[in-house]
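This report goes through the fold, the model confidence, the surface and two local sites of one protein chain.

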Amino acid sequence: MQASTCSNPFVMMTDPETILLAVERSERLNRLSRKVYRPLDRPLIPKVGMKELAEFDSAIDSAIEDDSSAD
């Protein structure tokens with residue numbers, strides 16, 4: 001890659017093939033550790049406070065219904 005291409009990110013957008021080739025050849029990028037994430041994996045964060053949240057949501061919903069039925 002030319003020095004002018006590296007210094008100006010807008011020039012990089014005009015020649016994406018050169019950028020993709022440089023990314024594929026990059027030793028630093030190849031050394032990065034990789035992990036595959038799947039969208040259907042179970043979340044590791046426990047669902048804490050879901051009961052309180054559900055109660056809060058139902059209170060808001062009932063307040064909105066009460067307001068709309070009063071009109």
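## Fold

In what order do the elements of the chain run from the N terminus on? The order is α-α-α-α-α. The chain holds five helices and zero strands.

## Confidence

The model is predicted. Its pLDDT averages 78 over the chain, and 76% of the residues score at least 70.

Confidence is lowest in helix H1, residues 3–7, where the mean is 59. The highest value, 90, belongs to helix H4, residues 27–30. Where pLDDT is low, the predicted coordinates should not be read in detail.

## Surface and burial

The chain has 71 residues, and buried residues make up 4% of them. Its accessible surface is about 7,200 Å². Carbon and sulfur atoms account for 59% of that area.

Helix H5 spans residues 50–70 and contains Ile 60.

Ile 60 has a relative accessible area of 38%. Ile 60 is therefore classed as partly exposed, because that class lies between the buried limit of under 20% and the exposed limit of over 50%.

## The loop at Asp 15

Asp 15 sits in the loop between helix H2 (9–14) and helix H3 (16–25). Its relative accessibility is 36%, so Asp 15 counts as partly exposed.

Which residue does the side chain of Asp 15 join in a polar contact of 2.3 Å? The partner is Thr 18, also through its side chain.

Key
Residues are numbered from 1 along each chain as its sequence is written. This is a predicted model: local features need pLDDT of at least 70, side-chain atom pairs count only at pLDDT 80 or more; totals for chains, interfaces and linings use all residues. Side-chain values use heavy atoms; hydrogens and water are left out. Helices (H or I, at least four residues) and strands (E, at least two) are DSSP runs, numbered from the N terminus. Buried means under 20% relative accessible area, exposed over 50%, partly exposed in between (1.4 Å probe, protein chains only). Accessible areas come from the Shrake-Rupley method with a 1.4 Å probe; for residues, only the protein chains shown count as cover. A polar contact is a pair of N or O atoms within 3.5 Å; within protein, one must be able to donate a hydrogen and the other to accept it, and residues adjacent in sequence count only if both atoms are side-chain atoms. pLDDT is the predictor's confidence in each residue, from 0 to 100.
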